[in-house]
Amino acid sequence: MNLMSEIGKRKAVNLLSLSLACAAAGLGLFWLIFILADVLRHGIAYITPELFLSEAAPPGMEEGGLKHAFIGQLLITLFAVLIGIPLGILGGTWLAEYGRHHKLGRFISTLSDIMISVPSIVIGTFVYAVFVKPLGHFSGFAGALALAIIMIPVVLRTTEEMMGLVPWEIREAAFALGAPYYKVILQVVYRGAATGIFTGILLAIARIAGETAPLLFTSFNNMFLTTNMNEPMPSLTVTIYQYAMGPYDDWHEMAWAASFVITVFILGLTILGRLIIRWKYKN
Amino acid sequence: MATTIKREQTFEKLFSGITFSAAFLILVIIASIFISLFRESLMAIDSFGFFGFVSSTAWDPVREQFGAATTLYGTLVTTILALVVAVPVSLGIAIFITELCPKFLKPIVSTAIELLAAIPSIIYGMWGLFTFAPLMSDCVEPLLQKIFEPIPLFGQLFTGVPLGIDILTTSIILSIMITPFIASIVRDTFALTPVQLKESAYGIGATRWEVIKDVMIPYSKTGIFGSVIIAMGRALGETMAVAFVLGNKHAIATSLFDASATITVTLANEFTEADSDLYLSSLFYLALILLGMNFLLLAVAKMFLARRDK
């Protein structure tokens, strides 16, 4: 009788704990749906052609848009990609190939992992110290530089991992034909790892597209349309921050609309990247 | 023939040289981040020292008295509260995914949880400021206050006017943001538990929960520690979400319903407004302290995870 109640108690504890685990998963999904639905609900109503086609109106005036911020965001991201991706891919190549069994290679690999987690606002203060302060003014370039620094270790680590997945025998087959190592890398390994590296790039872009903190004191902000990377440049994210904290209702509405656009863009890229990985490495 | 080989050798050297410099750049960047932040903080270090700076609660731009105690306190309190909420939830999620979830749902639930990490922090901030904070101040916080405030001592945590822009709201939002990091590492670690161990436990009549509690969790200890430390690093460095909902108030808060300030928020709000050299230098000093803490934590986490993979 005693034994039976003991078993009953264990079963009850089992049921309770497992239900709590289910509840935890439910809570996680609840937050995701809550946040996404909220952004969708608020944002979609304010998506208008003017949002993309007209520039900022003076505070309080209706009919303003965020064209300046969209263009600024695109330019900053574009330059960050131009700096960050080649450097990341080349560095990752060394780690995966020449430095594969090198002590220094392992050390750099570990350090890049740590660097991925360095708070992005610290990168912003760094770029301020070495770029903005000596030049004496905020600029789009400084913002792009900050984002590139955030991007490099991400691209580098994915490149290293994806090139590591290419079987060593394939390289040996190419070596046997007399190909020098650099040709093996360029023509054989890169081809094998292309999809993986491409996915890494997508995910790295998704990561920097939503960054705000490192832009606050590098590219700063600007209420006007500019394509001069040497001037303070508006970005979507900093504009969201400014508008959300501001007192005007139409600013809040535009901040929601911009949030919606950025969320859709980033989640789209992330999901696309995951689908490609799943499709490519399923077997 | 000989010239071709020679040319190939030059290309080979060139290519390996270029890739090596790109990899080496990582070391250069990290070193220059430390050096430049240190150089910019020198003035503040000279004026306040280290212990003087971290123990002083002053933050007075007018009289040029600066200390890190209030912001460090805000950073640590929000981070620790976020972990208190996030760790059990993440463990639950990892258990659900590895043990309970039907197979066809696994990738969907995993991806959904990881999407929480893909949402940019400014979106958490928008949602926090316009939706979550009002919800907290209208419904959740008055209720908590009614239940807990009469309890002596403990009730102190629930005093004040619940405005929603406070430590509690911030910690909950932070906990949502770090949950995917813990959950996905723990899920991978759980999957490393040898099936034989689990089956031996089932063989002597253990329930599923007992297998999780007495076999899987002890076996995954290092991975769990590692993931918690990584999540802690994330929470320490989070800026935008916190900037929206913490209120940026330099004071030692004694209630969960008080506004506070973290290192990151102080940097975000005051960096471009710092009008004196000492002010700016003190902000750089804060950034340096944050970077140091973060680097140390991540190095420890890497050590744990490396031990797990051995």
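Start by selecting residues 69–100 of chain B, which is helix H3. Helices here are DSSP runs of H or I with at least four residues, strands are runs of E with at least two, and both are numbered from the N terminus. H3(B) has 32 residues, so at 1.5 Å a residue it should span 46 Å, and its end C-alpha atoms are 45 Å apart, which agrees. The expected span is 1.5 Å times one less than the number of residues. Now click on Ala86(B): a kink of about 30° lies there, shortly before the proline Pro88(B). The bend at a residue is the angle between axes fitted to the seven residues ending there and the seven starting there.

A word on what's on screen: this is a predicted model, where local features need pLDDT of at least 70 and side-chain atom pairs count only at pLDDT 80 or more, while totals for chains, interfaces and linings use all residues. Residues are numbered from 1 along each chain as its sequence is written, and chains are lettered from A, and ligands numbered from 1, in the order in which they are written.

What does Ala231(B) touch, leaving out residues up to four places away in sequence? The list is Leu83(B), Ala86(B), Ile178(B), Phe181(B) and Ile182(B). Touching, or being in contact, means that the C-beta atoms, placed from the backbone, lie within 7 Å.

Ala231(B) also takes you to the largest nonpolar core, which has 186 residues; Ala231(B) is among those with the most contacts inside it, along with Met151(A), Ala258(A) and Ala287(B). Helix H12 (residues 277–309) of chain B gives the most to this core, with 17 residues. A nonpolar core is a set of buried Ala, Val, Leu, Ile, Met, Phe, Trp, Tyr and Cys residues joined through C-beta atoms within 7 Å. A residue is buried if 20 or more other C-beta atoms (placed from the backbone) lie within 10 Å of its own, exposed if 12 or fewer, and partly exposed in between.

Zoom out to the whole of chain B. The C-alpha trace spans about 80 × 65 × 35 Å along its principal axes, and 49% of the 310 residues of chain B count as buried.

Next, pick Ile26(B) in helix H1 (residues 2–48) of chain B. Is Ile26(B) buried or exposed? Ile26(B) is buried, because 23 other C-beta atoms lie within 10 Å. Show its contacts and you cross into chain A: not counting residues up to four places away in sequence, Ile26(B) touches Gly91(A), Ile108(A), Leu111(A), Ser112(A), Met115(A), Pro153(A) and Leu156(A).

Look for a kink of about 45° centred on Tyr128(A). Tyr128(A) is one of the buried residues of H5(A), as are Phe126(A) and Val132(A). The buried residues of H5(A) pack against helix H6 (140–164) and helix H9 (213–216) of chain A, together with H1, helix H11 (263–270) and H12 of chain B. Just after H5(A), Gly136(A) takes a positive phi of about 85°.

Last stop: two loop residues in chain B. Leu153(B), between helix H5 (121–148) and helix H6 (167–191), has a phi near 65°, positive in a residue other than glycine. Leu153(B) counts as exposed, because it has 6 C-beta neighbours inside 10 Å. Then go to Asn248(B), in the loop between helix H10 (240–245) and H11 of chain B. Asn248(B) is not a glycine either, yet has a positive phi of about 45°; with 18 C-beta neighbours inside 10 Å, Asn248(B) counts as partly exposed.

Note on methods. Two residues are in contact if their C-beta atoms, placed from the backbone, lie within 7 Å.
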